[in-house]
Amino acid sequence: MNELVEITNVSKSYDGRNNVLTDVSLKLPKGKIVGLLGPNGSGKTTLIKMMNGLLQPSGGSIHIAGCPVGVESKARVAYLPDRTYLSGNRTVSEIIEFFCDFYQDFSREKAAAMLSSLDIPYSQRLKSMSKGTKEKMQLVLVMSRNADLYILDEPIAGVDPAARDYILRTILSNYNPESTVLISTHLIGDIEKVLDEVVFLRRGQIVLYTSVDNVREQHGKSVDDYFREVFAC
Amino acid sequence: MAWNLDCDRPIYLQLVERIQKQIVSGQYRPGSRLPSVRELAAIASVNPNTMQKAFTELERGGLIITQRTNGRIVTEDQNMIDNVRREMACKHTDEFFRRMEEIGYTRQESIERILKFSEREERGE
Amino acid sequence: MLGKMIKHEWRNSYKICGIILLVVMGVSLWGAFYLSTPLWEKLFDSADMNSLFMLQFGAGMSTLMVYVLTMIGASYGVGIFLLIRFWRSMYSDEGYLTHTLPVTSHQILLSKLLISGIWMLIINVTVGLSVVVLVSVFMKGVMTGREWEYFLFVLNDELAFRNYTAHEVYAAIIGLLGGLLSPFVTMSVYFGSLSLGQLSRSHKGLMGILACILILFLRMIVLSLLSGIISLLLSYNSTIENIAIISGAVELVLELALGVGFYFLTIYLMKNKLNLE
């Protein structure tokens with residue numbers, strides 16, 4: 001097992017008819033930042049949910065760091081969904097405690113550094129947080145983990161340009177050669193510079209998996225432009 | 001501030017060019033230590049793997065040398081640095097002549113234009 | 001991990017449930033004071049149906065209403081709160097956090113079942129005790145000294161264990177077990193019903209509530225049918241006491257089976273049919 005993520009012949013269909021994913025196979029190595037790109041409805045979110053154990057594949061299997069998706073893999077995956085999952089009236093420090101409790105690889109120091117640079121006080125209650133602050137909070141929680149796989153679902157959508165820069169810088173500074181970051185997005189232009197490899201997903205199938213430099217060298221254009229070409233309506 | 005990079009061409013090549021420029025212009029003196037891959041990648045806001053590729057390329061060209069204890073240093077071979085500077089100058093010159101040709105200047109006219117331009121600069125206009 | 005889940009479930013519920021508990025206790029205490037005033041004794045002794053009597057009787061009745069509504073409201077309030085918490089943490093956006101924690105489905109469900117069942121038990125016991133206390137206070141208030149002593153004497157006699165027959169002991173044990181088990185089984189059934197709502201493609205929450213109501217009715221009907229049938233079958237051969245005990249025991253076993261069945265149903269739905277929006 002050299003590959004961090006092994007997705008083998010995975011398919012997902014609802015009621016035997018609606019094929020959201022068809023025979024998807026993908027192997028992601030360690031130490032790369034990979035973009036999962038595709039239009040809405042291409043199956044990105046479905047694939048991501050399956051990697052996180054939030055959905056069962058209809059066929060095929062997914063292994064992360066050698067384990068099938070389950071309790072062990074969840075301990076090694078840090079997931080940032082495109083939803084706000086924080087709720088209730090807990091304080092920031094209570095949430096940090098919660099994460100420290102359940103995740104062995106959670107780093108208080110990293111969290112403290114990020115919270116201070118984002119100006120989020122430990123005593124702030126969730127109820128009084130704006131949606132933007134909650135999203136930043138979720139980013140802090142994900143990036144404070146020393147996980148094997150980071151899965152970020154649309155981390156920069158609906159975020160102002162300054163915050164986008166912060167998020168991308170955080171992703172880069174958190175980089176380590178033992179972990180892989182999978183970013184699912186349709187805002188390619190902004191994140192292109194930080195990607196090593198890209199996966200193009202169309203209608204539930206992988207149409208491309210290659211390095212970004214290959215795209216630029218072979219097609220003489222940016223990944224963003226090449227994407228527009230491939231997925232032209 | 002992130003470096004200004006084009007997504008149309010491989011980024012690592014652009015990084016190579018930029019670091020070369022910094023070396024030939026003296027920003028990184030011969031024999032001096034370069035920042036680590038991670039540090040420079042953070043400054044440039046690029047993927048560390050991409051910066052690593054750039055470093056590897058520069059090493060291949062001999063402009064930087066990896067030392068086991070000191071990290072990466074700029075070569076002390078002044079000849080090599082001068083060569084690189086000359087290559088870059090040639091490229092810029094080629095580019096200049098090509099562009100002038102695109103707007104209808106001949107080689108001779110282009111050179112005259114340069115001389116006139118620098119005379120005016122000296123006179124302070 | 002189970003311990004951690006239990007700890008966090010407790011943290012998420014103790015504030016609201018605790019407040020409701022305090023309200024119950026508060027209302028009970030107030031009721032006890034109200035009933036223990038000599039007013040009542042005088043009320044029963046005097047036969048004057050004057051307006052003062054009517055006023056105080058009216059006040060007493062409305063107090064009683066407040067008390068009853070509070071008790072009912074508290075029991076249902078705790079239950080509904082716990083079910084909403086369950087649904088939110090499992091099937092709303094919060095589910096993205098719950099289901100990606102490095103814990104098994106059993107740990108998630110068991111912790112919720114335990115804490116919810118315990119709170120239901122606490123509230124039910126508290127409400128029950130409150131009723132007992134208030135009734136005794138009232139009776140003590142209206143009975144004369146002698147009548148009260150006699151009542152206590154009879155009670156003592158009833159409760160003295162040496163006077164119990166074997167049947168009565170079994171019945172008591174079954175009753176006790178049933179009482180302890182019932183909140184957990186109820187919560188398990190409701191959890192399962194809410195989870196069934198996940199099977200529908202849209203309006204999962206609404207479907208879950210519908211499932212709860214439907215299954216509630218089904219359960220009542222089936223249970224009463226079954227106990228009727230069992231009693232009928234047994235009436236051919238057994239005495240009344242035996243019938244009561246055997247049907248009680250059978251019902252207990254069925255309740256247990258129901259609870260366990262719905263538990264595993266919920267686990268299955270969590271593992272295989274989870275599909276958060």
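Reply: Two residues are in contact if their C-beta atoms, placed from the backbone, lie within 7 Å. The model is predicted, so local features need pLDDT of at least 70 and side-chain atom pairs count only at pLDDT 80 or more, while totals for chains, interfaces and linings use all residues. Residues are numbered from 1 along each chain as its sequence is written, with chains lettered from A and ligands numbered from 1 in the order in which they are written.

Chain C is divided into domain 1 (1-143) and domain 2 (164-277), with bounds from an automatic or database domain assignment. Taken over C-alpha atoms, the centres of these two domains of chain C are 23 Å apart, and 17 residues of domain 1 are in contact with 20 residues of domain 2. On the side of domain 1 of chain C that touches domain 2, at least two residues each come from α3 (51-91), α4 (95-98) and α5 (105-142), where helices (H or I, at least four residues) and strands (E, at least two) are DSSP runs numbered from the N terminus. The largest share of that side, 9 residues, belongs to α5(C). Sorted by class, that side of domain 1 has 10 nonpolar, 7 polar and no charged residues, counting Ala, Val, Leu, Ile, Met, Phe, Trp, Tyr, Cys and Pro as nonpolar, Asp, Glu, Lys and Arg as charged, and the others, Gly among them, as polar.
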